[in-house]
Each structure stands twice: as C-alpha cells, then as structure tokens.
Amino acid sequence: MKKLLFSAVAALTLMAAAPLAMADAPKQGGQAIITFNNDLTTLDPQVGYDWQNWSVIKSIFDGLMDYKPGTTELEPDLAESYTVSDDGLTYTFTLRDGVKFHNGRPMTSSDVKYSFERAVNPATQSPGGGYFGMIAGYDDVAGGKATTLSGIETPDDKTVIFKLTRPDATFLHLMAINFGYVVPKEEVEKAGADWGKNPVGTGAFKFVEWVPGQSIKLERNKDYYKPNTPYLDAITFEFGQDPTVAVLRLKKGEIDIVGDGIPPAQFAELTADPANKDLIVVGDQLQTGYVTMNVTQPPFDNIKVRQAVNMAINKDRIVRLINNRAAPANQPLPPAMPGYNPDNKGFAYDPEGAKKLLAEAGVGEINTELYVMNVDPNPRIAQAIQQDLAAVGIKAEIRSLAQAEVIAAGGSGKAPMVWSGGMAWIADFPDPANFYYGILGCAGAVEGGWNWSRYCNKALDERAAKADSMVKDDQKDARISEWKAIFDDVTKEAAWAPVFNEKRFTYHSDRLGGDPALFTDPIHIPVNYDYIYAKDAQ
Amino acid sequence: MLRYLAKRLAASVLILLGVSIVTFGLTFMIPADPVTMIAGRNSTPQMREQIRVQLGLDKPIPEQYARYLGRLVTGDLGISYARKSEVAPLVASRLPPTLLLMLGAIIAELMIGLPAGIYAATRRGRFGDKAAMTLSFLSVSTPQFVLGLTLLYLFAYLWNWFPLGGYGKISNLILPALTLGLAGGGWYSRMMRSSMIEVLRNDYIRTARAKGMSEWRVVMKHGFRNAILPIVAMIGLDVGIFMSGVVVVENVFGWPGIGQLMWQAIQSLDIPVIMGVTIVAACFIVLGNLIADLVSPLIDPRIRLR
C-alpha cells in the first residue's frame, strides 16, 4: 500500500511537472560575451585541437553523433538512426532530413564522406586523423596513396555506410568527435588556407566575423534542424583578456563568462563571496593529473620503487595547495569516466610503507629528475612532490620548462619523471579506451609518443583490444567491467602515480541561465553554448 | 648624406641577415619538437614522419635555412603551424595596434620625462628635484605587469575613468600607453635633468641671463633646444625597448598587437609565427636606429654624418 501511494504521488508529481517543464522552455534571444586570454588558432574542425577552440567548433559544426547536453550519453545528431552489423564491422547511418549548411545548401552523405577523408588525408595535417584507423582504406589515404576512403560508401544522399577493418566499441564516440564533423567541400576549397578563419557548418551557431586578436562573433542559425535551439541570439568571444581583468569586468557586468576559469590568486576570495553562490558552478572533468615514471630505466624499472613513489606522495596536501580545486585520485581513470572502479583504492599515503618497499627493492640511493611545466600552480605541485619523495629518501631535482619542452622530454624518453599538470590528459571522448592506448598502451610508448612512462604490456594491450571488440549493446556492461579490470591491473603496475582529478569552476554572470550541468558540461569547455539562455530575454 | 645613408642601409641589411640566422638557429636549439605539437596525442610515428617531410624538417639545416631565406626576401614568412594560414598577413594585421601603442608610449614618456627633467634641473638639489628623481627611480623599477594591473584596478575598475582593457577607442589607449611609457618617462627625466644642468652651465646661457632674459625664456629657448638633443637620439632606440615591453603590456590590456601574437605563438611552439614576429620587430628596431641617426644632424647642425 505504501508503495502504491508512493507511485501515485510520483505519477501526480510527474504530471504536474510535465506542463511546467514545457512552459519553462527558455525563450530565444539575448546574447553572451565570453572572454579568453588567447585568440583562437583555428575553427577548422579537422585541425582544431585545444580546449578553447574545441567547443566553439562544436557550436558551429555537427557530427553524425553527439552527447545529450551536460552528460556523456551518446545520441544521434546529423544521423537520424544507425544500425550495426552482427560482426560489428559495418555501421549504416541514415541522415536526418532538412539539415542545411550555413550557406543554404542541404547536407548530404557525400559531405560526410568528404569530411572523414579530409581528416585522414595527410595534407590536412589533422591531429585527429589517426582516430579513424579502423575505417577500411585508412592506410592508403593516410599513406598518401589514395584520397578516398574505400570503407565509406554513400549509396544515396541519405545513407552513409562505414566498413571497418576491426570491430571497435569506441566507433560511435569517434562519430561524435570534432575531427569527423561535416564540412561543405565547396566552402573548404573556396577559402583555401583561410578556411579555418571562415568556417561554414550545420551547427546551432553561424559564424559571422573574426577580428584577429580581438573577437569572434557567432549568431543563431535560424535554419538549425533542432527546433527552438539554440537559445542565445548571439555569442561574442573576446580575446586578449587577462583572466584577472576578465573577473573585474564580470563583476562590473560587462561580460558573462570568464572562459579561462577563475585565476588561482582570486579563487579563495571569489568562492567565499556569498553573492557568487549561484554564479560559480562546480563540476567534474574527465581529467587526471599524474606523475609518470619511465619504466625502461632504473630505478623505475623496479615495480617496488614505483609503488613506493605512489605511497610517498601526500595527495591531500597537494589538493589543499591548489585550494581544493581537485579531488585526490587513486587510479588513472577519473570518477566521471565509465569504467572508473570505486573499489579500486590505489595506494594510500604511507611514507613508512614506502621506505620499507624501497629497502626491499635494494636499489640504493635514488637521484632522479622531475619534469614540470613552468606555469603556476605546476612548479608548486612539483615542489610538494619533491618534498614528499625526499621524506622517503628519493632525491628528485625539478626541471621546470616550457610546455613544448616538457612534452619533448617525455616523448623522447629522456625524462625519468614528469608531472602531467598543464599538459594532462583530458579525454577527447568519454570512454576508458581513450585513457589507455596513447598514454598507457604500447602504441604510445614510442619516440614522440605520449606514453611518457614507456609502459608497454602486451598482455594488457591484447585484453584492451578484446574489450573493444565487444560492440553489441548487450556486451556494453561486460566491456566496461573488462576495462575496469584492465585499469585495476594498470594501477597495481604503478607506471603512474595518479595525484588528483581536477574539478571545473565556471564563473558566469547573473544574466545567464540554464541547468548547472551545462556550465560544467563534460564535453564542452567552458560551457555548452547551445543550451544556455539569457535571462533578460525571458 | 647619401653615401652615409647607403652605408647605413647596407649595415642594416647585414644586421637583419644576422637576426634571421640567429632566430633560425635558435629554433633548432629549443629542446622541443614542433611535429609532436602539430601531430597531436594519438598520432603514429608514421604520421609524425609524414608531417616532418611536409614541413621540410627532414632536410639538412643549411638547406632549410636557404629555403627560408629565399622565401623571406619575397616577403613570405611561411605557414603557421597552429593556424595553417600564412604568417605575413597575420603579422601585418597585428602591426598597426602595436605601432599605435608605441606612438602613445613615446608621447607619454616625453610628456612625463621632459617637464619632470626640466623642473628637477631648475631646482637642482632642492626638495622638488629630489622628489622628482625619487619618482623617476620608482617608475623605472616597477615591473610593467604590476603597473598595468594596478592602473587597471584603480582607474578602470574602482573609478571607472577608463575601460578595462580592449582596443578601438582613444580611451583604450591611455592606460597601456602610460604603462609602456612610464619607465621611459622616468629614464628621460633623469637624462633631461643632467643634460639641462650641463647646458645651463654654458657661457651663452650666462650671456642670455646677463641680457636680462626671463629665466623661463632662458631655459626654454636656449636651454631646451640644446638639452633635448641626446633624447631625440634615444627615441629611435626606444622602439627596441618597446618591442620587448609590448609582449607584457599587450597581454595585460588585451591589446591585439604583435606582442600578444608572439606570446601565444611561444606557448604553442608556432615557430613560423615566432620567427616572423622576430624578423618584423628587428626591421622596426633597425629602422628606429636609422631614423635616430638621421634626425640628430637636422636638429643640431654641429653633428656631421660620415
């Protein structure tokens, strides 16, 4: 009876809520101003690959798949529907009707094919072309022997068929990644080298103007295929805005979002101010900050030494050092990522245990180097790690360098230890596979690769490949548990010392409204521009 | 005059050639690999190799330099690694804001430095002199990012006199020009002071005074014109000092000039842009020096060009 009552109440609440939700749909209108310190580099979806241009591109262009706003849940976008063959080697997408490019031309299947070929073609120099290695014909195009992908067929204007050379459970995520966004060939060719400055897509916002070093203006795409979307009439990105100055401007009501986030020096003051309670939104991000240890060289070829390093680092203290803008990490995967194992506690802080392990390892005195990017707060974090290591008898000298130099030192295998802050792995798509191959698998453990630990475990690679061959819907859970198991083993092998998972703090003006999840969208940084709205237009 | 000009121009070309060799050489000494930065995190060694070949980075360094120089003389600064667009128009579009900022800074430093220097010189050893020189010492030693942020906080945020950064209106120019020019103003006030003190010791000044000329006219008519000479020569050199200052000032104030472009290019290791800005900046420094050399004899006929 009690149960019945509950469901009756629930049903009533739902009924009451439904029309309310309809009435609450935000009205279109108004605008937002977002500041960034740096000008954008490009709006070419096949080329742009930094956190800043990443989500602006997402608002101008669309892919076959996308994520539900504010979540990591896949849904069809330019594709209306799709089917997967039983062997997982053929994906057939049916395109949506009525999708037009901003130049007015309807989007067709040949545009989809062209866009993927453009991503893979070496002449494009796309940093993401390698993601499409499972599409048949990839090697020929990537190797410069062909310009068309034999694995993409377009039997009619509305159908795109992908033939794969191996089943890959991340394929649908890759259909949602920027590098596969659909671009109109005629505009790309017309603009030539200036295409990245004159983007034409199918997305929620239409590109208007780019004044180099100053601003980019977007306006609402009135022909966008989703009705009543987006809500804002216009977005202006202003560049060259020091975040410290941008915070002052936001307080004065001149701008709406500090795109670079809250500067460390102002963090305590702003978050303590009760006026900012609803204006600063906190969320998780698909990011882990870690220390890599090069397993191919002494002393870190000894697993006991690596485990000792894991136990020596006081993660809570480091988190306090950065004003609690992160949560201590215990495994490579961040908590918001599917496959994160809440039961995997990693290595607890235990300096005595670390000393014991080092004694057991019997490697004698350890003198090593810790490479770190020279932008605050990373050198401070490195110093904390240095002190923790010294407390257990490991002497680590800090090498504080520019980002590109740290990346080079890691990629060449020269750096025994690297603190990943400032260059850390933020997932390109929300799947555990994206946290494995390039940074913990054999594929990345090469000259110029991003697996700076050079950890290469063939058995784990095989298990990863096997997990990713589980493509059917009813295998999803089995696949994720296999990834969990893989990352449990990776954690034990201690090629990394995971330190923390950064949180995101988005500071926005009172003029802007929307679900808080939109302001810390895991896919769109800093915010999901398509679904936030202007309160003054309501 | 013409022979002198030809000689100086030839020397300038040599200097620029030297700059091109040094910047080119430096990019190979940086322990970082642009190909890794372009290719991204999930690239394969084959992809990286392909990009290396496309950019011509697999060629011997002298050959790369020869190609670079060949393009440079035609005004082609190459293609940006991060933007995939041409560097020359990019730098050209960022030049006017920087030149405007430097002009503003020169006006600011002269408007601060000359009156302060003259004032101090005429009150030598007294309180006004000491106060002016203390202020000049402070202005020379304040880091520009501290000064810039302080000015922004006080005059733009608290008192609303000026906008909080930005570009386009004359009101946007005043604070960054002041930030860039204040140190120079302090410097000039010291130079002007010592130059003026020296000039005022001359016999013709005593003669002027003896004629019963007012002190104001003595200082401004006879003193100023002679005392300002060393400063005019310095203005040309300022271009070089400002070229490094704009990197900081433009970033604090959101000024869309080449300093900002340079800073961003350094962060992303966009070597063609870094080299492009360096060469263009070097051209302006050389030009500034040349102008300083040519202007001095126009003001002071005693200086002869050789």
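This is a predicted model: local features need pLDDT of at least 70, side-chain atom pairs count only at pLDDT 80 or more; totals for chains, interfaces and linings use all residues.
**Entry 1: the A/B interface**

I began with the contacts between the two chains. I found 41 residues of chain B in contact with 50 residues of chain A. The area buried between chain B and chain A came out at about 3700 Å². Carbon and sulfur atoms give 53% of that area. I then asked which three residues supply more than any other three of the area that chain B buries against chain A. They are Arg41(B), Asn42(B) and Leu164(B), with 22%.

I counted 2 salt bridges between chain B and chain A. One of them pairs Arg94(B) with Asp39(A), at 3.2 Å from N to O.

Which helices of chain B each supply at least two residues of the side that touches chain A? I listed H2 (34–39), H3 (45–54), H5 (87–122), H7 (144–158), H11 (229–253) and H12 (258–267). H3(B) gives the largest share, 6 residues. I sorted the side of chain B that touches chain A by class: 22 residues are nonpolar, 13 polar and 6 charged.

**Entry 2: strand S10 of chain A**

I turned to strand S10(A), residues 234–238. Of its 5 residues, 4 are buried, and the strand is mostly covered. I checked its pairings. Strand S1(A), residues 31–35, runs parallel to S10(A), and 5 bridges join them. There, Thr35(A) has Glu238(A) as its bridge partner. Strand S9(A), residues 215–220, runs antiparallel to S10(A), again with 5 bridges.

Asp233(A) and Arg220(A) form a salt bridge, 2.9 Å from N to O. Asp233(A) sits in the loop between S9 and S10 of chain A and Arg220(A) in S9, so the pair ties together parts that are 13 residues apart in sequence. Is Arg220(A) buried or exposed? Its relative accessibility is 16%, so I logged Arg220(A) as buried. Asp233(A), at 33%, counts as partly exposed.

**Entry 3: helix H9 of chain A**

I checked how covered helix H9(A), residues 303–312, is. I found 8 of its 10 residues buried, so the helix is largely enclosed by the rest of the structure. The buried set includes Arg306(A), Gln307(A) and Asn310(A), along with Val305(A) and Met311(A). At the start of H9(A), a side-chain oxygen of Asn302(A) comes to within 2.8 Å of the backbone nitrogen of Lys304(A).

**Entry 4: salt bridges elsewhere**

A search of the whole structure gave me 41 salt bridges over all chains. I picked out Arg118(A) with Asp44(A), whose closest N and O atoms are 2.7 Å apart. Arg118(A) lies in H3(A), residues 109–120, and Asp44(A) in the loop between S1 and H2 (51–60) of chain A, so this pair ties together parts that are 74 residues apart in sequence. Both Arg118(A) and Asp44(A) are buried.

My last item was a network in chain A. Salt bridges that share partners join Glu238(A), Arg249(A), Lys252(A) and Glu254(A). Glu238(A) is also the bridge partner of Thr35(A) in S10(A).

Conventions
Residues are numbered from 1 along each chain as its sequence is written. Chains are lettered from A and ligands numbered from 1 in the order in which they are written. Side-chain values use heavy atoms; hydrogens and water are left out. Contact means heavy atoms within 4.5 Å. Buried area is the accessible area (1.4 Å probe) that two parts lose on being put together, summed over both. A salt bridge is a side-chain nitrogen of Lys or Arg within 4 Å of a carboxyl oxygen of Asp or Glu. Ala, Val, Leu, Ile, Met, Phe, Trp, Tyr, Cys and Pro count as nonpolar, Asp, Glu, Lys and Arg as charged, and the others, Gly among them, as polar. Buried means under 20% relative accessible area, exposed over 50%, partly exposed in between (1.4 Å probe, protein chains only). A polar contact is a pair of N or O atoms within 3.5 Å; within protein, one must be able to donate a hydrogen and the other to accept it, and residues adjacent in sequence count only if both atoms are side-chain atoms. Two strands pair if DSSP finds at least two bridges between them.
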